[in-house]
Amino acid sequence: MSHFPNGFLWGGATAANQYEGGWNEGGRGPALTDVTTGGTVDTPRMITWIDKYGSPHASPSHGFTLPEGASYAVLEDYYYPNHKGTDFYHHWKEDIALFAEMGFKIFRMSISWSRLYPKGIEEEPNQEGIEFYRNVFKELKAHGIEPLVTIWHFDTPLYIEEQMGGWANREVIDLFVRYATTCFEEYKGLVKYWLTFNEINNTIMFLDMAGAAADERYTEAYQILHNEFVASAKAVQIGHAIDPDNRIGCMICGICNYPLTPDPDDMLAFQRAWEKNIFYCGDVQCKGEYPIFARRLWNEHNVHLDITEEDLKILKEGTVDYYTFSYYMSNAVTTHEMDEKAGGNGVMGARNPYLEYSDWGWALDPKGLRYYLEVVNDRYHKPIMIVENGLGAYDTVEEDGSIHDPFRIDYYRAHIREMDKAIEEGVDLIGYTTWGCIDLVSAGTGEMRKRYGFIYVDMDDEGKGTMKRTPKDSFYWYKKVIESNGGDLE
Ligand code: BG6
């Protein structure tokens, strides 16, 4: 017998920049992801740009800052996987029918900001973009699927990045609020579940990925976060005023931290990893104020922020209704010399000898999911949704066209079992949307071969293929899981 409550929201998750495609259709403007090339597990994705003398360049995307006088550019010799994604823009009816066949109760997708506001600065939205999403939401509703909409999933309009300096600039708060207000007004009655910022904590969590970042970078990162917190809190208030039925959540990249050893120094490092990487953002968005440890984090890097009294009031009054997070892996923290580093989503922790690792170096740890759920349940006392979880893996298409993915089924089975136990122990878990329920472009590497889907999409790393959709074995398995409300995991 499972412990999933009646009405549990089973489904899948995607993001516009990785799935939607149609990057220059329907009046859409470009986003940073449109000038980002593909990479691999060993080679970084590159951002392409032109310097002030007109010479083209490609630079690793992590930590990239556009030099003075330069501009972003799409260059001929490069392939940009996000331009096409896996083409939801032209396949949405077909894809939604497949999600319905699996029995989805909820489907997570994001709106591309630059499809509604091509540069981000316009007074009025692009009507063609508005209608595109309206049709999608209507189609989902017609199939009895609740949309779960992320307002920002890594895709600020390129104009804002290039001409305004992106989120470090406070003026972007109002532009985002205008965009979010449009979403709430236009889709009132069609969309009830919203998330403001996807994995908002990435800005700080991955800052040291390419070596210790300078204090100025820390100042910028904390200011970006502050501006996003204020934008999110304003959006929450406006969303509630427009429709009191709206449920608006935060979204945290949920990496579960462990100490590698019982050395007290490792315990402190472990505690600080939770504070800096996970609680800093969750606390502001759920509790409406900065945690006490924030001051210590800022002092460590000599950070002085532009925070007004008015901002603090907005944060207080704009707390989220529920807590959501992505979960892929855990991370072992140590102050000791590490023999072998674990790869993985940029968090360069120690390799945990008790865990197996994916082909992309991510620690596979279903129990870490239960641990994480219990920690945030205790801390926030809010409903929780897991809005991303999944295994990026290679798939093989058999001669008869079928795709057997028992490894993916095993992965999900183990994680769902831990969710069940967490609910039994009192965690208020209300929904689960698996990541990349249909194959899409990897955010980290830009690859297609790193597949997460229950549905295979015939496209390769160079964008070649028919785009044909084919259910994998896991498709039929997940359908059974949903039908039995988590009771039948075999
Ligand atoms: C999360 C993001 O970090 O992880 C998604 O919200 C992303 O956008 C997912 O796709 C998996 O990461 P990757 O690098 O395997 O695509």
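This report describes the barrel, the ligand site and a separate sheet in a predicted model.

## Basis of the model

Residues are numbered from 1 along each chain as its sequence is written, and side-chain values use heavy atoms, without hydrogens or water. Local features need pLDDT of at least 70 and side-chain atom pairs count only at pLDDT 80 or more, while totals for chains, interfaces and linings use all residues.

## The barrel

Eight strands form a closed barrel, in the order S1-S5-S6-S7-S8-S10-S14-S15. Their pairing is parallel. Strands are DSSP runs (E, at least two residues), as are helices (H or I, at least four), numbered from the N terminus. Two strands pair if DSSP finds at least two bridges between them. From one strand to the next, the twist averages 25°.

Take S5 (residues 106-110) and S6 (residues 146-152): five bridges join these parallel strands. Methionine 109 has valine 149 in S6 as its bridge partner.

## Helices across the strands

Helix H9 (residues 264-287) lies across S7 (193-197), S8 (247-253) and S10 (322-327). H9 runs at about 170° to S8. Angles run from 0 to 180 degrees between N-to-C directions, with axes fitted to C-alpha atoms, for helices over the stretch in contact. Contact means heavy atoms within 4.5 Å.

Helix H13 (residues 406-424) lies across S1 (9-13), S10, S14 (384-389) and S15 (429-435). Its angle to S15 is about 165°.

## The ligand site

The ligand is surrounded by 15 residues, each with a heavy atom within 4 Å of it. The closest are Glu199, Glu388, Ala443, Lys450 and Tyr452. The shell has six nonpolar, six polar and three charged residues.

On its own the ligand has 370 Å² of accessible area (Shrake-Rupley, 1.4 Å probe). The protein covers 98% of that area.

## The open sheet

An open sheet holds three strands in the order S3-S2-S4, with antiparallel pairing. S3 (56-60) and S4 (71-72) stand at the edges with a single partner strand each, so one side of each has no neighbour in the sheet.

Five bridges join S2 (residues 46-50) to S3. Isoleucine 47 stands opposite serine 59 in S3.

How values were computed:
Ala, Val, Leu, Ile, Met, Phe, Trp, Tyr, Cys and Pro count as nonpolar, Asp, Glu, Lys and Arg as charged, and the others, Gly among them, as polar.
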